Amino acid sequence: MINRAMQTNTVALSVSDFSVSLRAEGGDVKIVRDVSFTLEKGQTMALVGESGCGKTIAMLSLMGLIPDQQIASVSGEVLLQGAPMLGLTQDELRSLRGNRIAMIFQEAMTALNPTMTIGEQVAEPLIVHKKMKRADAMRRAEVLLSETGIDEPKRRLRQYPFEFSGGMLQRVLIAMALACEPAVIIADEPTTALDVTTQQQVLSLFKQLQTQHGTALLLITHDLGVVSHVADQVAVMYAGEIVEYGGIEEVFGNTAHPYTAALKASTPALQQRGQALTVLEGQPPTAGYVASGCAFANRCDRAMRICTQTQAPWINRVDGRANGKADGHALRCWQYHDANPQKETLT
Amino acid sequence: MFNYFFKRIVFGLLTIWFLITATFFAMHMIPADPLGGDKALPAEIKQNLQQYYGLDKPLPQQYVIYLNKILHGDFGYSYTQQNRRVNDIIREHFPVSALLGVMALSFASLGGILLGAITAHFRHRWPDALVMAIVIASISVPSFVFAALAQLAILGLNDLLERPLLPVAGWGSFSHILVPSMILGLGTLAYITRMMRANLIDVMKSDFIRTAHAKGLSQARIFWRHQLRNALLPVVTILGPAVAAVTTGGFVVEQVFAIPGLGRYFVQAVAQLDYTVIMGTTVFYGSFLVLMVVLVDLLYGLIDPRIRLAGTDR
């Protein structure tokens with residue numbers, strides 16, 4: 001009992017067996033498959049994977065930002081601070097969005113309305129969710145801008161997005177997301193469009209604001225450099241499902257899944273100067289592709305016969321047991337199963 | 001900003017000058033005589049008249065005289081209406097056309113924005129298909145067809161109610177303006193509807209609308225505060241040409257509804273080869289249109305902060 005109460009206090013977002021199917025010509029396509037993770041208060045989790053693996057779709061549908069007519073089905077359980085998010089009406093979801101859970105998008109340059117001042121846009125969630133008066137909301141927006149490191153916030157409030165640089169606009173988006181002090185911020189590739197120095201500044205800003213406000217951050221990215229810089233936990237996604245999950249030191253220091261290893265190997269490092277970059281051969285499967293075994297098997301250099309036949313259950317990295325849950329450091333790969341799978345299948 | 005408008009005005013003046021010159025020479029190239037008329041005039045009287053109007057002088061000289069007069073704001077006397085100055089004709093009849101035009105434009109813009117919003121909201125469903133079918137018809141069918149149909153409809157309606165609800169033609173009260181202005185504005189309304197629909201759908205797909213949804217704003221707030229303004233911007237640019245469409249369309253509609261506007265005089269003058277009236281009304285309308293286009297540019301600058309602030313900051 002006590003344990004459970006404590007859990008709901010510290011867990012900001014918990015997602016279990018979350019699946020999403022979208023409508024497409026020629027039948028529904030399952031884009032996101034049985035995604036599970038927990039995000040603790042004040043922590044950062046990175047959701048990594050190649051483009052097109054379903055990261056963004058998963059988060060957009062969690063937020064209810066995919067139009068109903070495009071969605072074929074959504075299943076699983078999503079708890080925001082212990083309260084279910086799936087199955088809410090649009091109005092109920094709307095009162096959560098930008099209020100309890102906020103989202104930041106990749107292209108800061110186009111993510112803001114070109115005909116409204118920065119101040120109006122940052123103040124908007126406060127006016128809508130907190131029922132603040134315009135003048136109060138603007139004062140709060142000024143504080144938020146200065147918190148996100150924007151100089152002369154009073155003057156900047158009255159300016160329009162075209163008068164800001166990309167990095168500054170990203171800060172504005174962060175200020176806007178923070179406005180109502182949400183429990184969770186989902187940031188979809190927030191630094192991809194920025195140059196390296198600005199990237200570092202924005203990431204440090206995230207960390208600093210997180211400790212200040214206790215916000216949990218879910219970072220969608222394909223940049224492993226960014227991940228190692230800010231994340232506490234990592235979920236590696238491939239073809240719509242999570243294949244490896246765990247703390248940053250465990251997943252990166254003790255990488256197990258061949259896909260994670262391949263991602264890591266293809267990240268350029270300074271020591272590799274002059275050498276050809278490692279490339280992961282092949283393409284990720286098209287959306288909705290259902291493999292009989294492991295979706296990665298055809299690109300995996302360690303694939304065994306069982307990999308093409310049956311998908312591995314969740315396997316604990318430490319003891320090799322299949323406990324069916326994504327706990328601690330866990331992955332879905334037969335290589336790490338305690339019983340030798342090769343013998344099982346080679347008879 | 002100042003340079004921009006200065007340039008616009010200079011180009012506007014050049015346009016007007018070109019218009020004057022082209023009309024002047026084109027008119028004199030018509031192989032007909034403004035003093036010919038139905039009744040042949042005795043040679044002496046004709047000569048007197050030619051002298052009076054300066055028609056006996058060489059063409060380039062006539063051109064210089066005319067240009068000089070126009071610079072002093074004098075459009076001369078009408079050839080067909082005795083002792084009537086073109087300036088008086090414009091002063092008396094332009095307000096009628098202007099009122100009709102303003103009504104038509106208001107109807108077109110408000111209706112177009114509304115219908116655009118409706119079609120964008122119901123896109124690819126039946127209300128959209130219905131409105132778009134009407135819109136295409138209104139663009140393709142000339143206004144005099146609708147004018148005649150509207151008159152028939154008014155007649156039928158008056159018969160049905162057994163009392164005159166609306167006048168079929170004429171001028172004088174609001175009920176006289178109502179139907180003609182709607183007919184006159186129909187083409188522009190259709191054009192604005194199409195444009196609004198396309199713009200709104202375009203804006204709906206943009207990133208900042210997704211941001212607005214992510215902020216948890218209501219559909220209504222997103223429409224009014226985020227979508228509409230961005231979709232309206234391009235519509236403002238066509239208001240200049242829309243004024244042109246409404247004024248030129250007005251010639252026909254005024255004729256059909258027997259409205260004593262300037263357009264009727266313009267058409268009449270061309271038929272009667274009344275040089276001064278043709279020139280006067282053409283130059284007047286031309287200058288008016290140029291003025292409208294410059295005004296629209298100014299208005300656009302006021303609405304769009306990207307233009308308004310360009311060059312003033314930093």
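Let me start in chain B, where Val131(B), Val135(B), Ser138(B) and Ile139(B) of helix H5(B) meet a set of residues in helix H7(B): Leu186(B), Gly187(B), Leu189(B), Ala190(B), Tyr191(B), Thr193(B) and Arg194(B).

How do the two helices cross? H5(B) covers residues 126-140 and H7(B) covers residues 174-204; their axes come within 8 Å and cross at roughly 135 degrees. Angles over 145 degrees would count as roughly antiparallel and 65 to 115 as roughly perpendicular, so H5(B) and H7(B) are oblique to each other. The crossing of this pair is left-handed.

Next, the contact between the chains. Chain B puts 18 residues into it and chain A puts in 25. On the chain B side, the elements giving two or more residues are helix H8 (207-214), helix H9 (219-237) and helix H13 (305-308) of chain B. Which of them gives the most? That is H8(B), with six residues. The chain B side divides into four nonpolar, seven polar and seven charged residues.

Now to chain A and its sheet. Eight strands make an open sheet with mixed pairing, and the order is E6-E7-E8-E3-E9-E10-E12-E11 in chain A. Strand E6 (101-104) and strand E11 (315-316) of chain A are at the edges; each has a single partner strand, so one side of each has no neighbour in the sheet.

Within that order, take strand E3 (residues 44-48) and strand E9 (residues 233-238) of chain A, which pair in the parallel sense over four bridges. Val48(A) has Val236(A) in E9(A) as its bridge partner. Helix H12 (residues 258-265) of chain A packs on the sheet and touches E3, E9 and strand E10 (241-247) of chain A. The direction of H12 makes about 100 degrees with that of E9(A).

Last, confidence. Chain A has an average pLDDT of 85, and 91% of its residues score at least 70. Two stretches of chain A deserve a mention here. Residues 1-6 of chain A have pLDDT below 50 and, beyond near neighbours in sequence, zero contacts in the model. Residues 343-347 of chain A are also below 50, with six contacts beyond near neighbours in sequence. Where pLDDT is low, the predicted coordinates should not be read in detail.

How values were computed:
Residues numbered from 1 in each chain as written. Chains lettered and ligands numbered in written order. Predicted model: local features only at pLDDT ≥ 70, side-chain atom pairs only at ≥ 80, totals over all residues. Pairing = 2+ DSSP bridges. Contact = placed C-beta atoms within 7 Å. Axes fitted to C-alpha atoms, helices over the stretch in contact; angles between N-to-C directions. Parallel < 35°, antiparallel > 145°, perpendicular 65-115°, else oblique. Left-handed = near helix turned anticlockwise from the far one by under 90°. pLDDT = per-residue confidence, 0-100. Nonpolar A, V, L, I, M, F, W, Y, C, P; charged D, E, K, R; others polar.
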